[in-house]
Amino acid sequence: MLDRAILNVLTREHVSDVERLNKLLNLSGDSLLDPNVPPHTFVGDIDNLIPGDCVLLLGINPKRNFDQNFQRVNIDLPKRCLNDYRKSGNPAAFTKQMAFQKEYFLREERNRRYFNKYGDWLGKYWFTDTRNKFANQDPKQMVCHQHLVEVDTIQYYSHKTGLNPDILADAIQTDPALQANMKMIEELVKKVKPKWIQITGKSGWTIIERLFGEGEFVDFNPGEKRGTEIRMGHVKIGETVTPVLMTKFFGSMSGVNSNVQKEQVATAWQDWLNTI
């Protein structure tokens, strides 16, 4: 079922999807979704990680960059695979693209600056055995490779995010492209059985709670600044109920920035997990 759900995302007419969504979501400027970039699916070693021993990181939509690495692995490679699939009708045409997605955290093209923040945090507080095992290599990278899967609410790229969360929540319930993406996320959750789902960026809080919230949510700020505000609860995606942690962006001036703040959030989250 997961393979079919991924294929349904990859083989959509993404140019017309993006043009429709840009209008539907009232996007403009750098927030426009780029019709020249094929859809994102996921990154993470979903076939080899241990179910229940990982975290699903859920963002809003992937960032459009303009360097040669981005062009090669996010545009040229997916377009070649899609062209081969349209000629052959064989899902094996996506083998190289899927290998890149699954090996992403081992690749030079990975977004170190973004994912190292989460690899460091998760390794320090939850996946210490992996962190210690690879202490002489790249523990942040290996924690991500063995314990992290990343997906986005929208599968299409933009240089900046300027989405209205309420408009997006409405669109997810009706738009066929966004529904295909959510079906893929549902199947991923079923497969990897994450310890929790982590929502990055406060604009995602509204979307997740509106569409998937299960029961009551707890708002808490374990620190002294607004950057450490968090929301905790459960979400039901498909038939799977999973704990969810909603935070502001790690590393941003208005989010979870310092090591002290990261520890405060980690402690508050673990304390809450211990109560369920």
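Reader: In which strand is Thr-247 found?

Author: The model considered here is predicted. In this model, the residue in question belongs to the strand that covers residues 240-247. Thr-247 is therefore assigned to that strand, namely β6.

Reader: Is Thr-247 buried or exposed?

Author: A residue counts as buried when its relative accessible area is under 20%. For Thr-247 the relative accessible area is 0%. Its contacts, not counting residues up to four places away in sequence, include Trp-205, Glu-229 and Val-265. Because its relative accessible area is 0%, Thr-247 is classed as buried.

Reader: How many nonpolar residues are in the contact of α8 with α9?

Author: From α8, the contact is made by Leu-168, Ala-171 and Ile-172, and from α9 by Leu-178, Gln-179 and Met-182. No charged residue takes part, and 1 is polar. The number of nonpolar residues is 5.

Reader: How many charged residues are in the contact of α8 with α10?

Author: The axes of α8 and helix α10, residues 203-212, come within 8 Å and cross at roughly 35°, and the crossing is right-handed. Among the residues that make this contact are Asp-166 and Asp-170 of α8 and Arg-210 of α10. The contact has 6 nonpolar and 2 polar residues, and the number of charged ones is 3.

Notes
Residues are numbered from 1 along each chain as its sequence is written. This is a predicted model: local features need pLDDT of at least 70, side-chain atom pairs count only at pLDDT 80 or more; totals for chains, interfaces and linings use all residues. Side-chain values use heavy atoms; hydrogens and water are left out. Helices (H or I, at least four residues) and strands (E, at least two) are DSSP runs, numbered from the N terminus. Buried means under 20% relative accessible area, exposed over 50%, partly exposed in between (1.4 Å probe, protein chains only). Contact means heavy atoms within 4.5 Å. Ala, Val, Leu, Ile, Met, Phe, Trp, Tyr, Cys and Pro count as nonpolar, Asp, Glu, Lys and Arg as charged, and the others, Gly among them, as polar. Axes are lines fitted to C-alpha atoms, for helices over the stretch in contact, and angles run from 0 to 180 degrees between N-to-C directions. A crossing is left-handed if the near helix is turned anticlockwise from the far one by less than a right angle, and right-handed if clockwise.
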